[in-house]
Amino acid sequence: MAVAVCLLCGPAAETAAAQTGGTPVPGPGDPCPAAYPGDDAKQPAIARWMARGAALRDLPQELPVMAGLAESGLRNLRTRGGSHYGFFGMHRSLNTGVYRGFPRDPELQLRWFTDTAILVRQRAIAEGNEDFGTDPSGYGLWIADVERPAPANRGGYQPYLDDADALVTGSCTPAGHASDDQPPALRIRAAPRQRSTIELKVRCPGEPCIAAAAATPPRRVRASAAVEVGQEAVTLMLPARSRRGARLLVTVTAVDESGNTSRARRRVTLLR
């Protein structure tokens with residue numbers, strides 16, 4: 001099933017000479033090219049370039065390939081006057097900041113996809129989905145959270161898993177790459193007795209993280225939303241669901257870009 005945003009993409013891209021910017025095409029001995037192989041490259045070369053970029057960021061290598069197959073047929077689409085461009089059907093409103101120039105730069109397109117996929121994973125794990133991203137049968141919904149298609153089209157990505165595997169055919173993780181398996185440092189402060197809303201000061205001093213908090217029993221207070229946290233303290237807030245007092249165990253979960261998790265707990269009495 002085609003994803004809705006593809007209907008806006010239009011015809012295939014212009015010739016490689018107009019779009020590759022002089023990037024040399026990798027030789028036959030480079031099965032997973034580090035540089036974009038060019039718009040005229042065969043699908044396996046483009047898929048392996050994407051897979052390598054994903055693997056370097058500790059993402060499943062099939063993820064961007066599945067998205068590219070669904071959104072563009074794995075083509076760098078550029079339609080003059082259109083609103084969606086590139087391999088991933090990126091909206092023209094993204095052509096700003098660190099992604100400025102993405103319609104002509106596939107490297108920026110892949111960066112946007114991997115950046116967003118990482119944030120989706122971080123938020124999901126921080127908010128309680130501990131196994132997010134570990135099962136390939138869920139890759140399609142992960143991509144849907146990145147691409148944000150119409151609700152009826154969220155299932156349009158998962159069918160491309162086998163096609164992505166067939167194009168990549170093996171690991172594209174460079175031999176010298178070591179995945180980050182170290183959990184982020186997490187520091188929290190919380191007053192032991194609070195009223196109405198539980199507030200916690202949270203920071204990740206070693207590296208940026210995404211953090212969220214929840215309490216047990218959950219019926220007493222609402223969980224906090226996941227927020228970006230760095231070296232400076234950020235406040236997480238858990239509003240009370242009722243005016244009744246309670247003694248709660250509050251758990252803060254912090255997730256780094258590679259999906260590594262740290263948790264810290266505090267007991268807090270919520271006063272009436």
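The model is a predicted one. β6 provides the largest share of this lining, with five residues. I noted a volume of about 220 Å³ for the second largest pocket. Its lining comprises 17 residues, and A126, G128, A214, T251 and T253 are the closest to its centre. By class, I recorded eight nonpolar, five polar and four charged residues in the lining of the second largest pocket.

I then turned to the largest pocket, whose volume is about 370 Å³. I listed 20 lining residues for the largest pocket, with L94, W112, V146, E147 and R148 nearest its centre. β2 (90-91), α3 (106-126) and α4 (139-147) each supply at least two residues of this lining. The most comes from α3, which gives five residues to the largest pocket.

Next entry: helix α2. Is this helix enclosed or open to the outside, and how many of its residues are buried? I found that eleven of the eleven residues of α2 (residues 62-72) are buried, so the helix is largely enclosed by the rest of the structure. I checked what covers these buried residues, and the elements include α1 (43-56), α3, α4 and α5 (161-168). Just after α2, I noted G73 with a positive phi of about 70 degrees.

Within α2 I examined L63. L63 has 0% relative accessibility and therefore counts as buried, the cut-off for buried being under 20%. Leaving out residues up to four places away in sequence, I listed F113, A117, Y139, W142 and I143 as the residues that L63 touches. I also looked up the pair L63 and P136, which are 73 residues apart in sequence, with their C-alpha atoms 9.3 Å apart in space.

My search of the whole structure gave five salt bridges. In one of them, D115 pairs with R57, and the closest N and O atoms are 2.4 Å apart. This pair links distant parts of the chain, 58 residues apart, with D115 in helix α3 and R57 in the loop between α1 and α2. I read D115 as buried because its relative accessibility is 17%, whereas R57 is partly exposed at 25%. I also found that R57, R111, D115 and E257 are linked in a network of salt bridges.

What does the salt bridge between R263 and E130 tie together? The closest N and O atoms of R263 and E130 are 3.5 Å apart. R263 lies in strand β10 and E130 in the loop between α3 and α4, so this pair ties together parts that are 133 residues apart in sequence. I recorded R263 as partly exposed, with a relative accessible area of 36%, and E130 as exposed, at 54% relative accessibility.

Note on methods:
Residues numbered from 1 in each chain as written. Predicted model: local features only at pLDDT ≥ 70, side-chain atom pairs only at ≥ 80, totals over all residues. Heavy atoms only, no water. 1 Å grid on protein atoms, 1.4 Å probe; cavity = no way out; pocket = protein on both sides within 12 Å on 5 of 7 lines; lining within 4 Å. Points joined across faces, edges and corners; volume = space filled by probe spheres on them. Helix = DSSP H or I, 4+ residues; strand = E, 2+ residues; numbered from the N terminus. Nonpolar A, V, L, I, M, F, W, Y, C, P; charged D, E, K, R; others polar. Buried < 20%, exposed > 50% of the residue type's maximum accessible area, 1.4 Å probe, protein only. Contact = heavy atoms within 4.5 Å. Salt bridge = Lys/Arg side-chain N within 4 Å of Asp/Glu carboxyl O.
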